[in-house]
Amino acid sequence: MDDILIPISVCVILPISIVWLSMRTSQNETNRKTEVMLKALEMGVPIDPSFFRDTKSAKGVKERLLGRLSAACVTSLLGIAAMTGGMLACNNYSWDLNKSPLPLLVVAGAILTAIGVALFIVFFAGRKMLSREIEAEEKELSQK
């Protein structure tokens with residue numbers, strides 16, 4: 001019973017508690033903002049619309065594109081490293097899955113590389129499509 005209790009607690013209870021805690025935190029933040037806004041309405045104070053903006057999504061278009069570029073670089077490099085390591089190690093073993101799990105490493109590396117290439121495509125397409133928004137954002141930042 002002890003052998004199964006620890007994996008269940010780590011794989012089931014821990015993720016559920018993390019999600020519950022994060023949802024509770026965001027709900028408390030929303031409730032506090034609502035209370036402040038209700039008090040402001042009662043007193044007749046003008047309401048600032050920026051108060052309702054989500055602080056997590058304050059990233060600009062350029063920052064989000066650069067985040068995708070960095071994710072593309074990391075996943076591509078991890079994929080290439082996994083494929084290379086798996087292929088080099090498979091030279092010493094056979095490609096039989098019953099004898100060695102290394103072909104799975106090559107497959108995982110190929111999947112990571114494909115995801116990285118897809119993220120590169122998304123970055124370059126997004127940069128091309130959102131060039132006007134990026135220019136407007138840069139002008140806005142330079143005026144401040």
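Glu138 is partly exposed, at 39% relative accessibility. In this predicted model, its side chain forms a salt bridge with Lys62, and the closest N and O atoms are 2.8 Å apart. Glu138 belongs to helix α4 (residues 131–143) and Lys62 to helix α2 (residues 61–90), so the contact ties together parts that are 76 residues apart in sequence. Lys62 is partly exposed as well, with a relative accessible area of 38%.

The structure holds 2 salt bridges. Glu29, at 35%, is partly exposed.

These pairs sit in a protein with 4 helices and 0 strands, giving the pattern α-α-α-α along the sequence. Of its 144 residues, 16% count as buried. The protein exposes about 11,600 Å², and carbon and sulfur atoms supply 67% of that area. Among contacts between residues at least 6 apart in sequence, 62% join residues at least 24 apart.

Part of the surface is a nonpolar patch formed by Met1, Ile4, Leu5, Ile8, Val12, Ile13 and Ile16, with about 720 Å² of accessible area together. One of these residues, Leu5, is placed in helix α1, which covers residues 2–43. Leu5 has 48% relative accessibility and so counts as partly exposed; a patch residue needs over 30%.

The structure holds 1 aromatic pair. Phe123 and Phe124 form this pair in an edge-to-face arrangement, with 5.0 Å centre to centre and 70° between the planes. The angle qualifies because edge-to-face applies to planes over 60 degrees apart.

The last topic is cysteine. A disulfide is a covalent bond between the sulfur atoms of two cysteines. A search of the whole structure finds 0 disulfides. Cys11 counts as exposed, at 58% relative accessibility, and Cys73 counts as partly exposed, at 32%.

Technical notes: Residues numbered from 1 in each chain as written. Predicted model: local features only at pLDDT ≥ 70, side-chain atom pairs only at ≥ 80, totals over all residues. Heavy atoms only, no water. Patch = residues over 30% accessible without salt bridge, like charges linked within 9 Å, V, L, I, M, F, W, Y side chains within 5 Å. Areas by Shrake-Rupley, 256 points an atom, 1.4 Å probe, with all protein chains shown as cover. Salt bridge = Lys/Arg side-chain N within 4 Å of Asp/Glu carboxyl O. Helix = DSSP H or I, 4+ residues; strand = E, 2+ residues; numbered from the N terminus. Buried < 20%, exposed > 50% of the residue type's maximum accessible area, 1.4 Å probe, protein only. Contact = heavy atoms within 4.5 Å. Disulfide = S-S within 2.5 Å. Phe/Tyr/Trp six-rings, centres within 6.5 Å; stacked < 30°, edge-to-face > 60°.
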